[in-house]
Amino acid sequence: MRLHRNLVYTVIDSIKLIFNEGEYADKVVQKALKRDARWGARDRKFVAETIYEMVRWKRLYNEIASTKYHYSTENIWKNFAVFAVLKGYKLPDWNQLQGVPTRRIKGKFDELQKVRVFKESIPDWMDEIGVTELGEKQWSKEISALNKQAEVILRTNTLRTIKKSLQKKLAEEGIATEFIPGYPDALRLVERANVFRTKCFKDGLFEVQDASSQLVAAYLDVKPGMRVIDTCAGAGGKTLHLAALMENKGQIIATDIYESKLKKLKIRTRRAGAHNITTKVIESSKVMKKMKGTADRVLIDAPCSGIGVLRRNPDSKWKLQPEFVENIIKTQAEILESYAKLVKIDGKLVYATCSILPSENENQVKKFLKNNTNFKLLKDHKVSPFKSGYDGFYMALLERIN
Ligand SMILES: C[S@@+](CC[C@H](N)C(=O)[O-])C[C@H]1O[C@@H](n2cnc3c(N)ncnc32)[C@H](O)[C@@H]1O
């Protein structure tokens, strides 16, 4: 495998933006891919995957290359050399790659496989939380699965098309996909591609949404004609899915504390052809109080640590702080307690997170049920990244009984 200078330079510049300027990896990758319109699919794949790999394996590469204290251009090149050696690239004769200690890199890599924080390239605090919450054996499996590259999964927008005809149309645009057993609306891309450029996307025939995330709206057991409140709607990934499951009938009220996210949701709503969604910014507690006891169904897709989606956001490993996790657990409990009041008698609620930590998941539900005996647990589902091969998620379906 050969390395191309302009592609590698793009990677180095991108890593600088992520680690030195604090920019988000996904945004930086999007920008990087626009750098040269002549790049083919293989070039784009190299740029995107190499940036993500260098972010994902930062701690491991830092340890091998002894670059942990500075993130200068020179050190980024040293980390890149580690990447290139470990991935088996033939090192070109460039100034920046002179004297790369290939054998030492391989030896150090083998040695570090014995220490999980290096092997899995994670901060110490994250490893401690993982072991405490899940036990050593399960945590080791989950974190290893969370270090795999994320696949691109689409959700067919059944308001506009069916999965089979979407697959055919995408194929006509040069994008091969596969069905995923157990996920009724999902299509898996056989090879990474920029799906946002396709006519199918512009026509609102699909959304990009991980397979595990596609289980959440379906868990809420919605029916056409119901009144549903999606309390933490964000940019609306699950709101749009709810609209499709409700066949555009009934009413979905999508709320969030950020207006900017709901604005994105409105754009997506138009593209998807969903007509039963209204948005409401939560400016004060009054907004939710007015809707108390009115909803057939409530979705609480709670803010969380995001530890279940590290594949997709490997930079979270370095941005997330233990204090944030502690605080978000308190916020989740408050949100669950107050938004549960929106559910009417005999109505149902789903509490979901994209975390695999019990303290954000089943323990929150247990605590809630202890304090709210008018609710009962119907079922819950923990999606393990290791077992499923997709993002880590948790969802619990509760019913208000009086
Ligand atoms: C996991 S994200 C939601 C993702 C979204 N449901 C989707 O499927 O695309 C959690 C959302 O909760 C919002 N949020 C945080 N605190 C909140 C609160 N107190 N009330 C309502 N929403 C809140 C965040 O702005 C964020 O958009």
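User: So, is Asp301 buried or exposed?
Analyst: Asp301 counts as buried because it has 24 C-beta neighbours inside 10 Å. A residue is called buried with 20 or more other C-beta atoms within 10 Å of its own, exposed with 12 or fewer, and partly exposed in between, the C-beta atoms being placed from the backbone.

User: Before we go on, what kind of model is this?
Analyst: It's a predicted model, where local features need pLDDT of at least 70, side-chain atom pairs count only at pLDDT 80 or more, and totals for chains, interfaces and linings use all residues. Residues are numbered from 1 along each chain as its sequence is written.

User: Back to Asp301, where is it?
Analyst: Asp301 sits in strand 8, residues 295–301. Strands (E, at least two residues) and helices (H or I, at least four) are DSSP runs numbered from the N terminus.

User: Which residues does UniProt list for "binding site"?
Analyst: The unreviewed UniProt entry puts "binding site" at Asp256 and Asp301. These span 46 residues in sequence, yet no two of their C-alpha atoms are more than 10.5 Å apart, so they gather at one spot. UniProt positions are in the numbering used here, feature names are shortened, and annotations may be inferred rather than shown by experiment.

User: Tell me about Asp256, then.
Analyst: Asp256 lies in strand 6 (residues 251–256) and is buried, with 23 other C-beta atoms within 10 Å. Beyond neighbours within four places in sequence, the contacts of Asp256 include Cys232, Gly234 and Lys261.

User: What does UniProt list as "active site"?
Analyst: That's Cys354, again from an unreviewed entry. Cys354 is in the loop between strand 9 (343–353) and helix 18 (362–371). Cys354 is buried, as 26 other C-beta atoms are within 10 Å. Leaving out neighbours within four places in sequence, Cys354 is in contact with residues including Cys304, Gly306 and Asp391.

User: New topic: how do helix 1 and helix 5 cross?
Analyst: The axes of helix 1 (residues 5–20) and helix 5 (residues 73–86) come within 10 Å and cross at roughly 120 degrees. That makes helix 1 oblique to helix 5. For the terms, angles under 35 degrees are roughly parallel, over 145 roughly antiparallel, 65 to 115 roughly perpendicular, and the rest oblique. Axes are lines fitted to C-alpha atoms, for helices over the stretch in contact, with angles from 0 to 180 degrees between N-to-C directions.

User: Which residues make that contact?
Analyst: Helix 1 brings Val8, Val11, Ile12, Ile15 and Lys16, while helix 5 brings Thr73, Ile76, Trp77 and Phe80.

User: What about Arg5?
Analyst: Arg5 is in helix 1 and is exposed, with 10 other C-beta atoms within 10 Å. Arg5 and Pro303 are 298 residues apart in sequence and 41 Å apart in space, C-alpha to C-alpha.

User: Last one: why is helix 4 described as largely enclosed?
Analyst: Because seven of the eight residues of helix 4 (residues 58–65) are buried. Among the elements covering its buried residues are helix 3 (41–56), helix 5 and helix 6 (102–112).

Key:
Two residues are in contact if their C-beta atoms, placed from the backbone, lie within 7 Å.
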